[in-house]
Amino acid sequence: MSSSYSNYTNSPCAACKFLRRKCTSDCVFAPYFPPEEPKKFANVHRIFGASNVSKILQEVEPHQREDAVNSLAYEAEARLRDPVYGCVGAISVLQRQVLGLQRELEETNADIMRYASCLGGETTSVYGARRG
């Protein structure tokens, strides 16, 4: 998307509309906060502030700005859900789930090994006939 995005729509970008200012052709926000996504900018502004987001966008290489904005938007939504931990809280929950599932898998594998050892090395054919 070009930086003159707001000129084509004759509508200010979501950031300029939120900030109640004129959206110019060189608006740093326009390519990343289109007018049809006002909540995206509102969330990012609420958590990081427009000035900080502007500074970040100016410091980041142009080809990385969209990824930076997407990361800011994702973290802002996470912070609104969990003000203390944000994304880290979600990651922590997922890590605990993985650990629990790994333990469950280990227990299941141990049960299978115990069951196999109870058979005394005997195996069964596909039709249930014992071989051994």
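Reader: Which residues does Phe29 touch, not counting residues up to four places away in sequence?

Author: In this predicted model, Phe29 touches Cys13, Ala15, Leu19, Arg21, Phe41, Ala50, Val53, Ser54 and Leu57. In soluble globular proteins, nonpolar side chains tend to be buried together. Here the largest nonpolar core has 20 residues, and Cys13, Phe29 and Phe33 touch the most other members.

Reader: Which helices each supply at least two residues of this core?

Author: They are helix 2 (14–19), helix 3 (38–48), helix 4 (50–59) and helix 5 (65–81). Helix 5 gives the most, with four residues.

Reader: How many helices and strands does the chain have, and in what order do they run?

Author: There are six helices and two strands in the chain. Read from the N terminus, the order is α-α-α-α-α-α-β-β. As for the chain as a whole, 28% of its 132 residues count as buried. Among contacts with a separation of 6 or more, 43% join residues 24 or more positions apart.

Reader: How should I read the crossing of two helices, and at what angle do helix 3 and helix 4 cross?

Author: One looks at the approach of the axes, then at the angle, then at the residues that meet. The axes of helix 3 and helix 4 come within 7 Å and cross at roughly 100°. Helix 3 is therefore roughly perpendicular to helix 4, since angles of 65 to 115 degrees count as such. On the side of helix 3, Phe41, Val44, His45 and Phe48 take part, and they meet Ala50, Asn52 and Val53 in helix 4. By class, this contact has five nonpolar, two polar and no charged residues. Two of the residues named here, Phe41 in helix 3 and Ala50 in helix 4, are also among those that Phe29 touches.

Reader: At what angle do the axes of helix 3 and helix 5 cross, and which residues make the contact?

Author: These axes come within 8 Å and cross at roughly 75°, so helix 3 is roughly perpendicular to helix 5 as well. Helix 3 contributes Lys40, Asn43, Val44, Arg46, Ile47 and Phe48. From helix 5 come Val69, Asn70, Leu72, Ala73, Glu75, Ala76, Glu77, Arg79 and Leu80. By class, the contact of helix 3 with helix 5 has eight nonpolar, two polar and five charged residues.

Reader: Is Lys40 buried or exposed, and what is it in contact with?

Author: Here one compares the relative accessible area with the cut-offs, under 20% for buried and over 50% for exposed. Lys40 lies in helix 3 and counts as buried, because its relative accessibility is 17%. Leaving aside neighbours within four places in sequence, Lys40 is in contact with Tyr32, Phe33, Val69, Asn70 and Ala73. One of these, Phe33, is among the core residues that touch the most other members.

Reader: Is Lys39 buried or exposed?

Author: Lys39 is found in helix 3, and its relative accessible area of 61% makes it exposed. The C-alpha atoms of Lys39 and Phe18 are 9.5 Å apart in space, although the two residues are 21 residues apart in sequence.

Reader: Where does Asn43 lie, and is it buried or exposed?

Author: Asn43 lies in helix 3 and counts as buried, at 11% relative accessibility. Setting aside neighbours within four places in sequence, Asn43 is in contact with Ala76, Glu77 and Leu80.

Reader: What is the phi of Arg20, and where is this residue found?

Author: Most residues other than glycine have a negative phi. Arg20 has a phi near 55°, a positive value in a residue other than glycine. Arg20 is found in the loop between helix 2 and helix 3, and is exposed, with a relative accessible area of 79%.

Reader: How many disulfides are there?

Author: The test is whether two cysteine sulfur atoms lie within 2.5 Å. By this rule the count comes to zero. Cys27 is in no disulfide, for the nearest cysteine sulfur, that of Cys16, is 3.6 Å away.

Reader: Is Cys27 buried or exposed, and what of Cys118?

Author: Cys27 is buried, with a relative accessible area of 6%, whereas Cys118 counts as exposed, at 67% relative accessibility.

Notes: Residues are numbered from 1 along each chain as its sequence is written. This is a predicted model: local features need pLDDT of at least 70, side-chain atom pairs count only at pLDDT 80 or more; totals for chains, interfaces and linings use all residues. Side-chain values use heavy atoms; hydrogens and water are left out. A nonpolar core is a set of buried Ala, Val, Leu, Ile, Met, Phe, Trp, Tyr and Cys residues joined through side-chain atoms within 4.5 Å. Buried means under 20% relative accessible area, exposed over 50%, partly exposed in between (1.4 Å probe, protein chains only). Contact means heavy atoms within 4.5 Å. Axes are lines fitted to C-alpha atoms, for helices over the stretch in contact, and angles run from 0 to 180 degrees between N-to-C directions. Angles under 35 degrees count as roughly parallel, over 145 as roughly antiparallel, 65 to 115 as roughly perpendicular and the rest as oblique. Ala, Val, Leu, Ile, Met, Phe, Trp, Tyr, Cys and Pro count as nonpolar, Asp, Glu, Lys and Arg as charged, and the others, Gly among them, as polar.
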